[in-house]
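Please look at the sequence and the structure before reading on.

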Amino acid sequence: MSGVKRKRSVLNVKQKLEILQKLDNGESASNDVEDVLNEGNTVSHSAALQSVETLLDYMGQRGFDYGDITAVRKICVDIRQEI
């Protein structure tokens, strides 16, 4: 794949913080994530998986609720099944 460049779009810091704040407040952020990722951008499965795994690490460090962490882990499983 030398010479081939793929466009990689991920959530920016502001978008990630907004989603984390919603999760902190007990709100669902899944629709926000879908909206951001569907704004004409495509994300590779590996990039999405890496972002979700980073979010899991953050949530673990911040002591998020087990239910929230479980929901995010399910996203990882869903992404891996699509790969």
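This is a predicted model: local features need pLDDT of at least 70, side-chain atom pairs count only at pLDDT 80 or more; totals for chains, interfaces and linings use all residues.

Q: Which residues of helix 4 are buried, and what do they pack against?
A: The buried residues are I69, V72, C76 and I79. An α-helix has 3.6 residues a turn, so residues three or four places apart point the same way. Viewed down the axis of helix 4, the buried residues fall within an arc of 75°, so they line one face. What they pack against is helix 3 (45-62).

Q: How far apart are the end C-alpha atoms of helix 4?
A: Helix 4 covers residues 66-82, which is 17 residues. At 1.5 Å a residue it should span 24 Å. The model agrees with this, the distance between the end C-alpha atoms being 25 Å.

Q: Which residue caps the N-terminal end of helix 4?
A: A side-chain oxygen lies 3.0 Å from the backbone nitrogen of G67. The residue that supplies this oxygen is D65.

Q: Is the pair formed by the rings of Y58 and F64 stacked, edge-to-face or tilted?
A: A search of the whole structure finds 1 aromatic pair. The ring centres of Y58 and F64 are 6.2 Å apart. Their planes stand at 55°, so the pair is tilted.

Q: Which element has the highest mean pLDDT?
A: The chain averages 76, and 69% of the residues score at least 70. Helix 2 (residues 30-37) has the lowest mean among the elements, 66. The highest, 87, belongs to helix 3.

How values were computed: Residues are numbered from 1 along each chain as its sequence is written. Side-chain values use heavy atoms; hydrogens and water are left out. Helices (H or I, at least four residues) and strands (E, at least two) are DSSP runs, numbered from the N terminus. The expected span of a helix is 1.5 Å times one less than its number of residues. Buried means under 20% relative accessible area, exposed over 50%, partly exposed in between (1.4 Å probe, protein chains only). The arc is that of the directions from the helix axis to the C-beta atoms. Contact means heavy atoms within 4.5 Å. A polar contact is a pair of N or O atoms within 3.5 Å; within protein, one must be able to donate a hydrogen and the other to accept it, and residues adjacent in sequence count only if both atoms are side-chain atoms. pLDDT is the predictor's confidence in each residue, from 0 to 100. Rings of Phe, Tyr and Trp (its six-membered ring) pair if their centres lie within 6.5 Å; planes under 30 degrees apart count as stacked, over 60 as edge-to-face and the rest as tilted.
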